[in-house]
Amino acid sequence: MGSILVVEDDSGIQKMLSISLGAVGYELIKAGSIKAGLVALSQNPISLVLLDLGLPDGDGKTFIKEAKMFSEVPIIVVSARDIESEKIEALEMGADDYLTKPFSIGELIARIKALSRRVREKDESIHNEISIGKLTINLVNKTLMLDSKPVKLTKKEFELLALFAKNRGKVLTHTFVLENVWGRGYGKETHYLRVFMAQLRKKIEENPSIPQYIVTESGMGYRMNEPLS
Amino acid sequence: MEKLKSKAERLLEEVQQAEEGNFILYLGAAAGVGKTFAMLSKGRQLQQSGIDVVVGYLEAHGREETESLAEGLEIIPTKKIRYGGAEFGEVDIDSILKRDPEVVLIDELAHNNTQGSSYEKRYQDVLEILSHGIDVISTMNIQHIESLNDIVYSLTNVRVVETVPDSVLERVDSFRLIDTPPDELIERLKSGKIYPQERVESALNNFFTEQNLSKLRELSLRKAALKVSDELNEYSVAKRDGRRSQTNTVMVCIDHHEESMDAVRYAKRLSDSLKADLIALQITSDTLGNPQKSAQIRKHIRLAERLGATIVSKISGDKTDAVIESIEEYGITELVMTRPKSRFFGLLFPNLTKSVMDRRPQCIINVVPFEKPSPTFLEQLKPIDGISDNLRYYLSSLAMLVAITGISFVGKELLGIVNITLLYLLLTLFSAIRYGVAYSFFTALIGVLLFDFLFIEPYYTFSVNDLRYALSFIIFLIVGYTSGKLSDGIKAKNKAIKSEETRFRRLYELSSRLGDFEKEEDASRFAVEKLYAIFNSKTMVLIPDESDKLKIASAIVNSEMFSSNECEVYRLPPNDQACVQWVYRNGESAGKFTNTLPNVEMTYFPSKAFDKTVAIVAVELPILDAPTYELLSAFMNTFAVSLWRIGLFRQNQHIKLVEASEKLTSVLFNSVYHELKTPLAAILGSVSTINSPDVTISETSEKELLVNIEESAFEMERILKNLLDFARLENGLMHLKKDWCDVEDIVGSAYQKALKQHPRDDVSFSFDVDSPPIKGDFSLLEQAMLNLFDNALKYSKSGEIKVHAAKRGTHLLMSISNPSDIEGSELSNIFDKFYRAEISAKIKGSGLGLSIIKGIIQAHKGSINATKRYGEFILTISLPIDANDSKMNSNEE
């Protein structure tokens, strides 16, 4: 397992992160600018990046763009900027998650875990079957088992579920989901998404009002989670 | 102190002097007496004593003497105006005002300006210059005085067209009479000193006869003497009792006849010599419907106004009554009327003058003779209201006569002679009621002839055997005439009343509605619409903006309505623009049918409130007669008051807004200060406890303090977020990013966040959400719900928080209820900013939560209400499912 790269210029946050994440067992590499971050990313085995957007040598989004050219490393944006358009932009450029400052360290650790598990599984092999909590998704037969009982899904519902399962821990924007499930040109048809998502939740969630598997990230999109046990 | 006072007095004197210029007029009996010469000499004399003198206009007539005298005086070049292919030079007011001398010399006061000048008359130029505090020296001949116009005509048989109203002469501070004996004047004329040689002969034969000159000289001397005695008189009277004595009042009757002009002029002279007030009486009756007559009357009224008369309008079917009433009402001592027409018809149709005289009023009656031959009998007969109607009435009267005659002739035996007579009488009465006196008389006359011819022995002749029938015929004719006259009187009165009523109704409509408007644009649009409804022609309203620039606020051009922002498209022609500026500057009407800039398309009226022109109303009028003028004047007043009120209202609003925002700022700062300080104190206290080397605390206590720090920090974050949202809502910066949202999702995610911040064991949630996706801003709606649950969790008593959402038509109806102790009386205040309920006194909060919820819901075009029922506090939210639906027009993006 590689280290976590923290691209952040505020020493207070840096210190806080290195102490708290170090206590959980993560190893941290610190960079104070986009340039330093990119150098560190290219020279070290990095498993995840925590990125601030307001950096001394430019907008953190530049880092996402540059990094994605040579690395598939998951990126969590950690920023005080709480503007929807900014979040969507960062996600569409390739960031995996977006956390607004201030945040609790528990929240951050949960997201880090979710993302690193997906990456690890992806590394091991191509899966025919994905298990999340009580859900078992068979990607070959296109079937879903909940608590070992089969659940009947429509074709689109299954495609939706499969897309989230394959991207566990990652925030998927509405546009991304629509274009991957319905196809290009459907990027703005959020109405479809709301309807199918409500149907899917009724089938997989215990309480659809308080979803456990696919949660809404307000202003960004959805994310599939490992339910808290 | 003394010094200060004298200085103030000096300043005051200077200001008063600066207000109006001094006006000196050189008056002469005829051209060539030496007025221009005297004026220039005076100018030079002033110049030599160091006064800034310029020549504004000089008519040298090529006289060498005069021209040489003008040398050395600065001459302001005249303004060249092209008219009818020739170029004319007129007084250039603008250049003179710009040059701002102390004294201006302007020759020929009575001159009529060329069309296209800003004023019709030169004396208007002079008055404007005087009003800017510049002294004017001018010249004029006696025959140009308005009130002497007809005397001059009768003396010399020459009608002078260029006249100067007496009111202007009253403005003159000092008259200088230039007197040259007639023989000397003729000598000067012959030697070519007045006109070029080629014109001398014709001048000598026409105007410059010794007889004419003598008469005019006498007139000038008399006028000058009168003026001097006036001044002496006024002086002595003023000395005696401080005010001018007032015992006599002169009244002149105005009608549409040309003679009224002479009567008015005579009345003016009479009132002057008697030092009496002058009243001009106009009786509104049958002339209302006739534009020609109305225009004529309007012209006479204008003359009377110019001569300083007070105009009195009376509405009456009977003119004689109206005159007698006015004599009593105004205490008239001298009545001026025109001479009765001594014609054949004068006997049958009594003249007003005669009928007034017959009533023997308690005053002296002055009868002014005609100057022009009275119209011939044929001219009198000529229909005035257009031939078609007249002819039609005559023909239909005739047709009915023929019908009655036919019936009577056939049923002669059956009906009997008495009934036949009554039938004719019936017809005469019908004509009288239906058409009027001329027709009833006509019917009676023809009827008598037919009756005589057909039914009276000897048959088929116009003679009668029994002379008693002759008496019957005369009675019949009298009945025909009187009944017609009666009905005419009633009709005229009705018509007058009706038209007056219409005007009042329109005005009433206007004034009652004008009070409703809160914006100038709305009021002006309404005014334009109303004017368009009355005149059915081009109308517009111009309103000055903050920088005093006039802008079209509303206009109807070619039946098309332009509102303020579209009006840029429509531009006024340059002449009209000048007219508008003039009206705004001077606060008097101008344009078509007025004396100022009459050759533009429209007439411009100032709408004045408290002497300030608040708007200019322009109307393209077909004619400007007395009733129209009155209607428009009243309209302008009402409109001005309305605009004035709107102005005040807006100022008031603005002040209130500023006050409110100031108050808001202070409340906001206070609130934020306290709100942030509380959690901050908790954090600092906890941290310093942990860090203090002097204090040893157990691990559990340390843990508790850390939890305290965390909670306080979250509280601070929440306050900051609310503040940001609040600021955005207040400034209208909240931009909705609308998209389809799952209501259940909104509720669920808000609930989860709220629960995280305020965990409560004694409260449970129940959801009953059944709704299609709605179009809205997910983050904002979530924020609203979060604030809502936040409140519910903070203020709820133990129990269940129930959320219910369902579709109702085009809206989503949502209710959130929780057990609460909030007082019902507080419900109306809870949405106000910074309002904190009684029960919340011990709970942290900014008082912004609900006002933010309300703001967000309103931004979504929804509504929110609070009620208290059975111990439950219930918030009801209604949101449109698709606010972009055609029915609910959204102004988002």
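A salt bridge is a side-chain nitrogen of Lys or Arg within 4 Å of a carboxyl oxygen of Asp or Glu. The legends describe a predicted model, in which local features need pLDDT of at least 70, side-chain atom pairs count only at pLDDT 80 or more, and totals for chains, interfaces and linings use all residues. Residues are numbered from 1 along each chain as its sequence is written, chains are lettered from A in the order in which they are written, and side-chain values use heavy atoms, without hydrogens and water.

**View 1. Salt bridges between chain B and chain A.** Two salt bridges are counted between these chains. In one of them, the side chains of Asp745(B) and Arg201(A) meet at 3.0 Å, N to O.

**View 2. The contact between the two chains.** Contact (heavy atoms within 4.5 Å) joins 21 residues of chain B to 20 residues of chain A. The chains bury about 1800 Å² between them, 49% of it on carbon and sulfur atoms; buried area is the accessible area (1.4 Å probe) that two parts lose on being put together, summed over both. In chain B, Trp740(B), Glu744(B) and Asp745(B) lose the most area to chain A, together 27% of what that side buries.
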